[in-house]
Amino acid sequence: MAVVLGIETSCDETGVGIVADGRLIGAALASSMEEHVRFGGVVPEIAARAHLESLVPCVKAAFRQAGIGPSEIDAVAVTSGPGLATALQTGLAAAKAYALAWGRPLYGVHHLAGHVAADTLEHGPLPPRSVALIVSGGHTSLLLLGDLARDPIVHLGDTRDDAAGEAFDKIARILGLTYPGGPAIDHAARDGDPGAIGFPRAMLGVGCDFSFSGLKSAVARHVERDGPGLSVPDVAASFQEAVVDVLTRKAVDACLAHDVDTLVVVGGVAANRRLRQVAAERCGAAGITLRIPPPHLCTDNGAMIAAVGGLLVAADIPPSSLGLAADPSAPLTRASLDSAGF
Ligand code: KG4
Ligand code: ZN
């Protein structure tokens, strides 16, 4: 079966992974996160430059860990979208060079399909049907999945404004916590009361779409009103609770509505402790099997892209051409991008 090298450079993490028969055998990750802290968000040109510096060392490190050499690679997979254009282009250029030099096929992969596939590295193949809740810095979607490599991906709902991770990042900034905001709020919330403030739960019980901008404004108003007397842990815990409540209720409702018994929760926000806890409680009560990758596979990494590559090779999906272009706003309709035949 196939050994696939995966490259991920869509944002500020340079990720390389090597997957053999659906098993992760080598991985390396470099992050330029610290270079972006003083700007409060990722600066694309800084991220792209950092990818350029980190890529080859990461590929070498992944090979070292896997204990194999380039001749044992059957295919190269790379995130070709969505993401920051210059950052994506760096990874694409590297992936094309490796594919060409090694004489191996190249697979352009949708970043969000990568997040879903990350779970297969931990929990094995997905069942024939599942619902995926993708919660990342740029996206929040509920998807109906069949075979990830072969079938079109059906959007049950998406966010109408901010992504869940974006809301975490913005609220963290309002609270004076460090970037990225998700882990900072997760941490601060441990000492807070999730019931302290009843922040709004937008669009609850109304379809599968999400909206987090009203919640963001409500938190901002609360912070402005309470000023110096503010309890950061209470606000963090109450905000987090509102997000987690909406995400988990809607995800469970989507499974029940579509008669699906498996929920996969993926993306950076899936690393959140409270989300993992409440999702487990609610899935347990509804008789739904919950799959969430371990936290290090929730945030961006190269292994998840290699995992998609492995699925595409196994499903005999035609590879992408070497003319594959970065698609910064690629819609999620299939796991593979620019694959001949689609
Ligand atoms: O999937 P990801 O690594 O990158 C994107 O594709 O966007 O997600 C990054 C997002 C950021 O918004 C970050 O704040 C959030 O995931 N995040 C978390 C946690 N860890 C990362 N959000 C809540 N709790 C966490 N523990
Ligand atoms: Zn991501």
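Ala, Val, Leu, Ile, Met, Phe, Trp, Tyr, Cys and Pro count as nonpolar, Asp, Glu, Lys and Arg as charged, and the others, Gly among them, as polar. By that grouping, the shell around ligand 1 has 4 nonpolar, 12 polar and 3 charged residues. This is a predicted model, in which local features need pLDDT of at least 70 and side-chain atom pairs count only at pLDDT 80 or more, while totals for chains, interfaces and linings use all residues. Residues are numbered from 1 along each chain as its sequence is written, chains are lettered from A and ligands numbered from 1 in the order in which they are written, and side-chain values use heavy atoms, with hydrogens and water left out.

**Around ligand 1**

- The shell holds 19 residues, the closest being Gly137, Asp169, Gly182, Asp186 and Gly268; a residue is counted if one of its heavy atoms lies within 4 Å of the ligand.
- Helix H4 (111-123), helix H5 (164-174) and helix H6 (181-189) each supply at least two shell residues, and H6 gives the most, with 4 residues. Helices here are DSSP runs (H or I, at least four residues) and strands are runs of E (at least two), numbered from the N terminus.

**Backbone atoms facing the ligand**

- A backbone N or O atom of Gly182 lies 2.9 Å from an oxygen atom of ligand 1.
- For Gly268, a backbone N or O atom is 3.0 Å from a ligand 1 oxygen atom, and for Asp300 the distance is 3.1 Å.
- Taken alone, ligand 1 exposes 560 Å², and the protein buries 88% of that; the areas come from the Shrake-Rupley method with a 1.4 Å probe.

**Cis peptide bonds**

- Gly81 and Pro82 are joined by a cis peptide bond with omega about -10°, and Pro82 lies in the loop between strand S4 (75-81) and helix H3 (85-102).
- Tyr179 and Pro180 are also joined by a cis peptide bond, with omega about -5°; Pro180 is placed in the loop between H5 and H6.

**Loop aspartates**

- Asp21, in the loop between strand S2 (13-20) and strand S3 (23-31), has a positive phi near 50°. Asp21 counts as partly exposed because its relative accessibility is 48% (buried means under 20%, exposed over 50%, partly exposed in between, with a 1.4 Å probe and protein chains only).
- Asp316 has a positive phi near 60° and is found in the loop between helix H11 (303-314) and strand S11 (336-337). At 68% relative accessibility, Asp316 counts as exposed.
- Asp151 sits in the loop between strand S7 (140-145) and strand S8 (154-158), and is partly exposed at 31%.

Definitions and conventions
A polar contact is a pair of N or O atoms within 3.5 Å; within protein, one must be able to donate a hydrogen and the other to accept it, and residues adjacent in sequence count only if both atoms are side-chain atoms.
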